[in-house]
Amino acid sequence: MSARLRIALGQLNLLVGDVAGNAAKMIAATTRARDELKADVILFPELALTGYPPEDLLLRPDLSVRVELALGEMLRGISGIDVIVGYPKRQYGRLFNAASLLRGGRVAATYFKHILPNYGVFDEKRYFAEGTDPCVLDIKGMPVGITICEDVWDRGPVEQAVEAGAKLILNLNASPFHRNKGRERFEAVARRARDNRVPIVYLNLVGGQDELIFDGDSFVVDARGEMTQRAPAFEEGVHLVEIKTGARLVPVPATISPDLSEAESVYGALVLGVRDYIGKNGFAGAVIGLSGGVDSALTLCIAVDAIGASQVEAVMMPSRYTAAMSLEDARSQAEALGVKYSTIPIEPMFEAFLGALREEFSGKKADSTEENIQARIRGTLLMAISNKTGRMVLTTGNKSEMSVGYATLYGDMAGGFAAIKDVPKMLVYRLAEYRNKIKPVIPRRVFERPPSAELAPDQKDTDSLPPYEVLDPVLERYVELDQSPEDIIAAGFDEATVRRVLRMVDRNEYKRRQAAPGVRITPRAFGRDRRYPITSGYGRGPDKPGGNGTAGGI
């Protein structure tokens, strides 16, 4: 049998800012890699000591002190195995996104990330200086190059490492998830491996951090760009990679976790995001307003799968406009999932509000104001339960609604985390169908009845919005692809519908700015990805000389 280099991949779920805790977790993983897996080296993710992304924590002088103390703990607490760990390192008066080899109680070598992403959710040029030199390590007599995340998407860093003698590349990552990201990653890494005729080990972070989800999905490709091994997505673990040594380094084929469908991967991301947001922020559980519609039905499933039925509470808050089938379907789902369920009618409170406002509203017709009062009553009730129980309110609005402002500030937008904030309505249906295939817990009527906020007599979403089959593609083109109105119209969409939808998107930025954070599952989510001015004349034509139009539905 030829000699082998044994590499452990520490696909860990770390906590931003918990420098000491992250170090302790890595020491424990290193001990396991050494004693159980008999690994020669263990690899940890990008900025593993601080967690990713640390954002403006990097501007605090005391963070560097904590990092140095934790690095010292790792150096003292580890022996008999090499460790490659990512962390922010201050040197030459500048801060670098670094990866160091820890060996024999000292820092034996350090690499500084070359390519600093500064688009979408990334702001690395705000904090870091660019590295310029390759780093090739001698591990068990083998020349191994180190790169960090974005470096492998660019030709330069891998080429530099190979020119410096590297026969294997270890790539540390904190690469956030979005739909189809796994395929994009693999294709980029495979291309780099083929171009340089070198195998690449790709290690990724796992876990939820605010809006971002890191899906793990670490993998290995050989010099031909063929995948030889892949770790499970959305799961923490330490995985062994074996490399045959000799004139060439060749990965030993091992388990390749199966590809996930779009529904499986998105649902997994949503569950992980909710679990980590609730757990890492110390909430006792979740409380959800269950309406009998598909959005709250999907959110309840996600919550139960994330933290368990015993930690989830569902509340039905019927009004004079709530259909009997909504009550029946909500109760049926809550019972099927085994969650605590209660009903709090809002009619007495609604009457009290209308009575108190009678003089103010005198002579004015009923409109969205009365609808929003109902939504705000429900938001107040849910927040009261949250305060009393320590359970966080999960809001249930989807991306289609958030895009056009079909939501009520301080009403259905009130809460701590928006589980499906980045999920378009048509995808909500697909995810709900996927969850029902695992176990049928959402009543069939929820899928079949027309969507309705049930805030007015016989109300349907299509009273205010185009059908979601039309709305979602228009929103994708405008919000995610940055297409102009003319581009969208030229693609075959009705001009009046397009211009109406885009006006709604533009004028509701103020609502989105006040929305709870939520799981990012698309390449362009509201929040970190898409940052637009609230006060803007960008979408205003010559027929609208001032203001941004009536907000409506506040």
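Mentor: The structure, which is a predicted model, holds 10 aromatic pairs. One of them is formed by F96 and F112, whose rings are stacked, with 4.0 Å from centre to centre and 10° between the planes. A stacked pair is one whose planes are under 30 degrees apart, so the angle of 10° places F96 and F112 in that class. This pair links distant parts of the chain: F96 belongs to strand β4 (residues 94-103) and F112 to strand β5, and the two residues are 16 residues apart. Are these two residues buried or exposed? Both F96 and F112 are buried.

A second pair, F186 with F219, is edge-to-face, with 6.0 Å from centre to centre and 65° between the planes. Here the angle is over 60 degrees, which is why the pair counts as edge-to-face. F186 lies in helix α4 (residues 181-196), whereas F219 lies in strand β12 (residues 219-221), so this pair ties together parts that are 33 residues apart in sequence. F186 and F219 are also buried. Returning to F96 and F112, ring pairs link these two residues and Y92 into a cluster.

Which strands form it, and in what order? The open sheet has 7 strands, arranged as β5-β4-β3-β2-β1-β14-β15, and their pairing is mixed. In general, strands of a sheet pair through backbone hydrogen bonds, and they do so in either a parallel or an antiparallel manner. At the edges of this sheet are β5 (106-112) and β15 (250-251), each of which pairs on one side only.

Most residues other than glycine have a negative phi, and most peptide bonds are trans. In the loop between β2 (41-43) and α2 (61-77) we find P53, and a cis peptide bond joins Y52 to P53, with omega of about -5°. The loop between β2 and α2 also contains L47, which has a positive phi of about 50° although it is not a glycine. E55 is found in that loop as well, and this residue too has a positive phi of about 50° without being a glycine. How do L47 and E55 stand in accessibility? L47 counts as buried because its relative accessibility is 0%, whereas E55 is partly exposed, with a relative accessible area of 32%.

Finally, let us consider how two helices meet. Helix α5 (residues 262-280) packs against helix α12 (residues 425-438) at an angle of about 90°, and their axes are 10 Å apart. That angle makes α5 roughly perpendicular to α12. On the side of α5, the contact involves E262, A263, E264, V266, Y267 and L270, which meet L427, R430, L431, Y434 and R435 in α12. The residues of this contact divide into 7 nonpolar, no polar and 4 charged.

Notes:
Residues are numbered from 1 along each chain as its sequence is written. This is a predicted model: local features need pLDDT of at least 70, side-chain atom pairs count only at pLDDT 80 or more; totals for chains, interfaces and linings use all residues. Side-chain values use heavy atoms; hydrogens and water are left out. Two strands pair if DSSP finds at least two bridges between them. Helices (H or I, at least four residues) and strands (E, at least two) are DSSP runs, numbered from the N terminus. Axes are lines fitted to C-alpha atoms, for helices over the stretch in contact, and angles run from 0 to 180 degrees between N-to-C directions. Angles under 35 degrees count as roughly parallel, over 145 as roughly antiparallel, 65 to 115 as roughly perpendicular and the rest as oblique. Contact means heavy atoms within 4.5 Å. Ala, Val, Leu, Ile, Met, Phe, Trp, Tyr, Cys and Pro count as nonpolar, Asp, Glu, Lys and Arg as charged, and the others, Gly among them, as polar. Rings of Phe, Tyr and Trp (its six-membered ring) pair if their centres lie within 6.5 Å; planes under 30 degrees apart count as stacked, over 60 as edge-to-face and the rest as tilted. Buried means under 20% relative accessible area, exposed over 50%, partly exposed in between (1.4 Å probe, protein chains only).
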